[in-house]
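Welcome, and thank you for taking a look at this one with me. Please have the sequence and the model open side by side as you read.

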Amino acid sequence: MPAKATDSFQFVSGGDCDVNPHAIANNILAARQDPMFAMIGGDLGYDDGKKVDKSLAFVRNYSQHMIDSKGRLIPMVVCIGNHEVNGGYGKTRKEAPFYFALHDGLYAERSFATLDFGDYLSLVLLDTGHVAPIDGEQTDWLEKSLAERTDRTHLFAVNHVPAYPSHRKAESTGEKEGTGALNRKHWAPLFERYNVNAVFEHHDHTFKRTHPLKDGLANSNGILYLGDGSWGKIRAPQSPAERPYLAATSESYHLTLHRLDGAECFHMALEEGGRVIDICSTRKRPRMVVGRSG
C-alpha cells in the first residue's frame, strides 16, 4: 500500500464465500480488478470451526485464483463470521481454530481490530457476537478507535451480521431479537457520531445498498451500509418497498470494487459474470452519496 494516497487505487470486498463454483468465479473476477487487497467479511470456507477440509479448500481456491495481472497473490483482510465458529455465537477462540490459526497476526489479543493505511484509510473490523459480545468491551473499544480516526479521509467499518438486513427480519419476534438489533443499538450511533464513510455488511447472501441512514431513517447526512455477503451464497432479498431503509437490492452472486480517488470513494457492485449492478460514491465532510442501480 502507498504511504500517501497520491494516486487512485482499489480494493474489493465481499463475504459468505464457501468453496463452490460461484465462489471460484468471483475469485477470478476479483483478481481481474487488480485490487490492492480483498476484504472478506466473514464466513470464508464455511468450516464451522470443525471441518478442516473446508478451511483448506478455501485457502487452496484463494491461492490458485486470487492472483493479479503481475502475478502477485492478492492480500486477504478478514473479519470473523458465524461459520468460522463451532456454535456460531457466544463462543471462545478455541471454537474457531482454523480462523485464528491463519489470522492470529491481526487478532492476537481480540477478535476485533483496526487496520490503518497511512493517514488516508482505516478499516475497523468487528465481531458480531461470535467470540466477543457486541456490547460492553467491544463497543467501548469501537468508540475509542473511531474517535482516534476522525481525521481519516476514508474510514470504513466491517462486520458480518448486518445492522440493516436485506433478507432476515430486523424486527423482533416474541422474545427473539431481530437481526442486527445490537448493532443498531450500540454501533450505529457511533458510526453516525464519528462520521464513518460506510459500513460493509454480510451474512444475508444478497446484494444491498441502503439509503444513507441516521437513526434508522433515510438522511442525506447519514451512513451508507453496503452488503450483504453473496460471494458464493445467495438468497432472495426483500425489496426497498418492503424495507424502506433499502435503496437497491438484487439476488446476485456479487463482490464490490471500491476505488479510492482523493477524497471520494466509488463503490461498484459486480455480478459474478462481471455485469455492473450498482454504482455509488461516498465522500467525507460533507458526506455525499449518489447511487444508481442497473
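1. **What you are looking at.** This is a predicted model, in which local features need pLDDT of at least 70, side-chain atom pairs count only at pLDDT 80 or more, and totals for chains, interfaces and linings use all residues. Residues are numbered from 1 along each chain as its sequence is written, and side-chain values use heavy atoms, with hydrogens and water left out.

2. **Overall build.** You will find 5 helices and 16 strands in the chain; these are DSSP runs (helices: H or I, at least four residues; strands: E, at least two), numbered from the N terminus. Along its principal axes the C-alpha trace spans about 50 × 45 × 35 Å.

3. **Inside and contacts.** Of the 294 residues, 55% count as buried, meaning under 20% relative accessible area, while exposed means over 50% and partly exposed lies in between (1.4 Å probe, protein chains only). Of the contacts (heavy atoms within 4.5 Å) with a separation of 6 or more, 68% come from residues 24 or more positions apart.

4. **A bridge from the start of the chain.** The structure holds 19 salt bridges, each a side-chain nitrogen of Lys or Arg within 4 Å of a carboxyl oxygen of Asp or Glu. One of them joins Lys4 and Asp119 (3.3 Å, N to O). Lys4 lies in the segment before β1 (9-14) and Asp119 in the loop between β4 (113-117) and β5 (121-125), so the pair ties together parts 115 residues apart in sequence. Asp119 is partly exposed, at 40% relative accessible area.

5. **A bridge between helices.** Glu143 and Arg193 also pair, at 2.7 Å, N to O. Glu143 sits in helix α4 (residues 137-147) and Arg193 in helix α5 (residues 181-193), 50 residues apart. Glu143 is partly exposed at 28% relative accessibility, whereas Arg193 is exposed at 51%.

6. **A network.** Which residues are joined with Glu148 and Arg149 by salt bridges that share partners? Glu148 and Arg149 themselves meet at 3.5 Å, N to O, and the network also takes in Asp116, Lys144, Asp151 and Arg152. Glu148 is partly exposed at 45%, but Arg149 is buried at 9%.
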